[in-house]
Every structure is written in structure tokens, then in C-alpha cells.
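Here is a set of exercises with worked solutions, meant to be done with the model open beside you. Try each task on your own before reading on.

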Amino acid sequence: LDSIYGNIVVLKVAEEYSFYENGLLIFSTGDILTQEESVHYSLLQHPKPKKVLLIGGGIGGALEQILKHDIEKVDYIELDPLIIKTAKTFLPENYLWPLENRLVNIEHTDGRLFVKKKASRVIGHGSWVIDERYDEVIINLPDPYTAMLNRFYSLEFFKEVKRILKPDGIISFGLSSSENYINPEQQVYLSCIYNTLKKVFWDVKVFPGDYAIFFGSDMPKRLTTNPDILIERLKERNLKLQFVTEHYLPFKLSDTRIRYIEESINAIHTPKLNTDLKPIGYFYHSALWMSQFLKGKNFLKYLERIDFLKLVIAILILFLSAIIIQKFKKDRNIPVVISIGTTGLSEMLFQVVVLISFQFIYGYVYYKLSIILTSFMIGLVLGGLFINRLLENIEDEMSLYLKTQISIVLYPLILPIIFLGLILLGEKQPELAQRLEVSFTFLPIIAGFIGGFQFPLANKICLKDSKEVGRITGLLYGVDLFGACLGGLLSGIILIPILGIVQTCILVAILNLLVLILLYPTPSPRTPLR
């Protein structure tokens with residue numbers, strides 16, 4: 001099933017149902033252990049939880065588990081209404097009754113946007129009644145596999161959650177871990193999210209297991225790893241559970257297990273924080289995922305050494321190499337070919353930056369994906385049509401080509417300014433920022449126009465003294481595609497998560513600036529490509 005937010009798949013094995021969205025598991029009806037652990041550990045941390053915010057995963061059993069406590073209200077955030085509609089179609093009635101409970105308020109909106117709006121009310125109304133805030137915020141979502149999910153584990157999101165919690169409130173979420181052994185990739189991954197949470201909340205605790213549960217609170221001594229306290233509250237509330245029991249808790253929270261996971265996390269002395277503009281959390285999770293298949297090949301330690309200065313030096317070396325090759329080959333069109341390759345790389349990087357930025361600002365990129373990509377293609381067509389009308393009358397192609405290259409230098413410098421402006425606006429006026437999402441439709445048109453304008457112009461420059469139309473056009477097209485392929489791979493997997501969006505944009509601006517310098521002294525007449 002498809003909605004504007006994603007593709008939903010339902011699998012049935014025996015009497016158990018598993019729901020997937022965009023290839024990621026949302027919940028399984030038979031996974032009672034995960035359902036109980038994702039809810040009760042958090043609610044047992046609080047002596048009297050009354051108002052709860054649940055983001056995601058409520059249908060699979062989490063809502064039912066929450067309602068076992070003496071709760072007054074649950075706000076359940078589920079972005080895609082088709083998930084609930086599909087659940088009502090496939091699941092037996094005993095899984096659906098919590099959706100109709102009078103204590104449950106279902107909101108079909110992005111969880112990040114919901115929290116942002118609530119947080120903006122706190123900022124705008126200092127006298128906002130404290131009872132409107134939450135005792136517990138439970139994030140029941142998958143690990144940060146993607147940039148979209150990473151938004152719920154970032155420094156900025158934790159700050160927003162803090163504003164909507166009561167002074168003694170608690171945030172909780174779970175991450176994939178392991179029961180008794182934490183490998184180096186997992187260690188870095190858990191430490192990143194732990195220290196990001198620690199940057200916002202005074203007290204942070206972790207419960208070990210195959211699914212490590214993280215808690216954050218600003219009230220001293222609110223959080224505990226003492227099983228006796230949790231068992232006492234379990235009995236007071238008369239909770240009849242299958243796994244989170246008085247017999248299981250001492251085993252789960254043994255001193256050895258708690259000490260081991262804390263030592264593993266704290267062993268990373270200089271942890272990197274996971275932020276919106278530098279979403280390194282999903283990079284660490286990718287490294288953890290790869291470690292399951294590439295045994296003994298720890299690429300993480302090599303990739304982590306990449307930084308902005310090293311990449312600038314690498315680009316300078318390539319720039320000097322291009323100058324040497326040009327002089328050795330005596331082919332004056334080489335800078336034009338190089339510029340087409342870097343433009344292909346830049347154009348693809350612009351697209352990835354826009355898509356990822358849209359995700360962390362607004363959250364739901366699935367149905368916008370086609371609009372953003374179509375906008376880019378429209379820009380390509382418009383740029384191509386415009387330059388083709390002018391080609392016959394242009395006398396100095398290189399002068400116009402240089403101006404086009406200047407625009408490719410400036411464009412990536414403008415993008416971070418727009419994104420930062422929307423982020424700041426979203427903190428104070430989220431409704432207005434929401435309406436300005438249309439800007440993401442126009443940004444790809446500009447990038448596409450530049451690329452569509454430059455390519456025919458490059459063809460004319462390189463073909464000026466040559467009749468080998470097929471070979472030269474094919475070479476330029478191939479270089480353009482190779483650059484685009486490289487840009488797509490590097491931007492999403494390495495550059496954006498490691499350097500961040502701002503530094504990535506500055507880096508590509510430097511790259512295009514050096515290409516501009518390489519182009520500038522190109523003399524005429526030109527020697528054709530050989």
C-alpha cells in the first residue's frame with residue numbers, strides 16, 4: 001500500500017503480523033518483550049506518570065502497555081493515517097481497542113513538527129500552565145537508519161523535547177545494542193547518541209540489552225538503575241506483565257551489565273554529537289550495519305579521520321594535477337571537461353543536500369521526492385532551452401561560461417543560509433516555516449537551470465574547432481554522469497554526516513572556485529580534444 005508518506009507492507013506468519021514502512025520494521029504483534037520494555041521501563045522511572053507523549057509504534061502494543069498504568073492522557077503521534085487504517089483492516093480486534101480509548105488522543109502529523117509547535121508555545125508564552133507539559137515522552141521509533149529517523153535523535157530535537165517536559169519529566173527511547181558484547185562500531189554509535197542526550201539533560205541512564213533503553217531527565221535522582229525501586233512500583237501499580245517482572249528486572253539490571261555498558265560508552269573520550277546539520281548518527285549506524293557483513297574490516301576508523309581541512313588539501317592537489325596535465329597534454333579544452341565533471345558532482349550533491357535538509361526541517365520527504373526531482377528536471381529543460389536559443393548569436397562563449405561557473409560557486413553558499421533561516425524560524429513560528437516549505441520546490445529549479453545552461457555551452461566550446469561531434473559530446477556526457485554518480489555516493493554516505501551540511505556546501509563551493517580559476521586563463525584559439 002502507498003500513501004503520500006511511504007510504502008506500507010504487512011506480513012503475516014502464523015498469527016503474528018509485521019508492519020513495514022519504506023522497508024523498515026515498524027512493529028510486530030508477537031514481540032511482547034519489546035513492547036513491554038519500550039514502555040514500562042520508562043513509566044516505572046516516574047513515581048506518578050499522568051500525561052504521556054508517544055511518538056510512533058503505538059498500534060503494535062505500546063499503547064496497550066501504557067494504558068496499564070494510571071494514565072490521564074496519552075498523545076499518540078502517527079504521521080501516516082494509512083498505518084492505522086491498514087491495522088484496522090488486518091489486525092484482530094484485541095489489538096485495536098486502545099485506539100478507541102477515551103484517554104488516547106491520536107495526531108496524524110510529523111512527530112518532530114508536533115514537538116516543535118508545543119515547544120514554540122513554551123517560548124512564546126512563559127506563563128504556559130505547567131500541567132500542559134508531559135511527564136513522559138516515549139520515542140518508539142526504529143534506529144536512525146535514515147536522515148529522516150536521525151531527526152529524532154539529534155541535539156536540536158532533544159532540546160525541543162526538554163521544553164515540553166515537566167521539570168521532573170523523562171524522555172526515553174531505545175537503540176539496537178547487544179546483551180553481553182559491544183563491538184567498536186556499536187560502542188561509537190551508542191556513545192554518540194548518549195552524549196548528545198547528555199548535552200541536553202542533567203541525568204542520563206541506560207538499561208543494557210539487545211535493545212538498549214536510554215533515559216534523560218533534568219531532575220536529580222529521578223532516574224534509577226536500582227531494580228528494587230522499579231519492582232516496588234511494579235507491585236504498587238499491580239501490573240501483570242509477561243517479561244518485565246520482579247524476577248526479570250534484577251537479571252536485566254545487574255551491576256555487571258550496567259557497569260559494562262556505561263564503561264563501553266564512556267570509553268569514547270571525544271564523542272561526536274548528532275545534530276540536524278551534521279547527522280553523524282545515521283553514519284555510525286551504517287558503519288554498525290556494515291560491520292555485520294565485513295568482519296575485521298573497520299572502515300569507520302578510517303572514515304572518521306576525514307575532516308574539512310584534509311579534503312581541501314586533497315582538492316588543491318587535484319587542482320595542481322589538473323594544471324600539470326593541461327600543460328603536458330597541451331589541450332586547452334581540458335578545464336571545460338573537468339568543469340562538466342565537477343558540475344555533475346555538484347548538481348547531484350545539491351539534490352541530496354536539499355532532500356536531507358527538507359527531511360530534518362519538515363520530516364516527510366516521500367511524496368515531496370517526486371516534486372523536488374521534477375523541479376530539478378524542469379530547471380534542466382529551461383536552462384537548455386534558454387541557452388540553445390542564444391548559442392548561434394554568442395561570440396564569446398568562454399566569457400559566458402565563466403559567469404555560469406561563478407553561479408555554481410555561489411549557489412552552495414546560499415543554501416546553508418536558507419536552511420539556517422528556516423530552522424530559526426521554525427523554532428519561533430513553526431506554522432510560518434511550514435508554509436515556506438514551497439521554497440524547496442524552487443531551489444532545485446535554480447540548480448537544474450545552471451546545469452542545463454552550462455552543458456550545451458560546453459559542447460559548443462569543445463566543438464568549435466572539431467567535427468567529432470559524437471565522440472566529444474559523448475565524452476562530456478560521460479564525465480557529467482561520472483561526476484553525478486560520485487557526488488551522490490560521497491554526499492549522502494560520507495560528506496554530509498561527517499562534515500555536516502554547512503561544511504559540505506563550503507567544500508563544493510571551493511571545488512568549483514578552483515575550477516573557475518582553472519578555466520579563467522584558457523586562451524583562444526582552442527585546440528580540439530584528442
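**Exercise 1: Strands and their partners**

Strand 8 and strand 10 pair in the antiparallel sense over seven bridges. This is a predicted model, in which local features need pLDDT of at least 70 and side-chain atom pairs count only at pLDDT 80 or more, while totals for chains, interfaces and linings use all residues. Residues are numbered from 1 along each chain as its sequence is written, and side-chain values use heavy atoms, with hydrogens and water left out.

Solution. Begin with the terms: strands (E, at least two residues) and helices (H or I, at least four) are DSSP runs numbered from the N terminus, and two strands pair if DSSP finds at least two bridges between them.

- Step 1. Strand 9 (residues 203–207) runs antiparallel to strand 10, and five bridges join them. Here Phe-207 is bridged to Ile-213 in strand 10.
- Step 2. The hairpin of strand 9 and strand 10 has three residues between the strands, and Gly-209 takes a positive phi near 150° there.
- Step 3. Strand 7 (residues 134–139) runs parallel to strand 8, with five bridges. Ile-139 finds its bridge partner in Phe-173 of strand 8.
- Step 4. Strand 4 (residues 51–55) is also parallel to strand 7, through four bridges. Leu-53 is the bridge partner of Val-137 in strand 7.
- Step 5. Now check burial, where buried means under 20% relative accessible area, exposed over 50%, and partly exposed in between (1.4 Å probe, protein chains only). In strand 10 (residues 211–217), six of the seven residues are buried; in strand 7, six of six are buried.

**Exercise 2: Aromatic pairs**

Task: classify the ring pairs Phe-152 with Phe-157 and Phe-158 with Phe-173.

Solution. Rings of Phe, Tyr and Trp (its six-membered ring) pair if their centres lie within 6.5 Å; planes under 30 degrees apart count as stacked, over 60 as edge-to-face and the rest as tilted.

- Step 1. The structure holds 16 aromatic pairs. In one of them, the ring centres of Phe-152 and Phe-157 are 5.3 Å apart and the planes are at 80°, so this pair is edge-to-face.
- Step 2. Phe-152 is buried at 5% relative accessible area, and Phe-157 is buried at 0%.
- Step 3. For Phe-158 and Phe-173, the centres are 5.6 Å apart and the planes are at 10°, so the pair is stacked. Phe-158 lies in helix 6 (residues 155–164) and Phe-173 in strand 8 (residues 165–176), so the pair ties together parts that are 15 residues apart in sequence. Both Phe-158 and Phe-173 are buried.

**Exercise 3: Nonpolar cores**

Task: which residues have the most contacts inside the largest nonpolar core?

Solution. A nonpolar core is a set of buried Ala, Val, Leu, Ile, Met, Phe, Trp, Tyr and Cys residues joined through side-chain atoms within 4.5 Å.

- Step 1. The largest core has 44 residues, and Leu-53, Phe-158, Phe-173 and Phe-214 have the most contacts inside it. Helix 7 (residues 184–198) gives the most to this core, with seven residues.
- Step 2. A second, separate core has 41 residues, among them Ile-315, Leu-349, Val-354 and Leu-415.

**Exercise 4: Confidence**

Task: where is the pLDDT below 50?

Solution. pLDDT is the predictor's confidence in each residue, from 0 to 100.

- Step 1. The chain averages a pLDDT of 87, and 93% of the residues score at least 70.
- Step 2. The pLDDT is below 50 over residues 522–530. Where pLDDT is low, the predicted coordinates should not be read in detail.

Conventions: Contact means heavy atoms within 4.5 Å.
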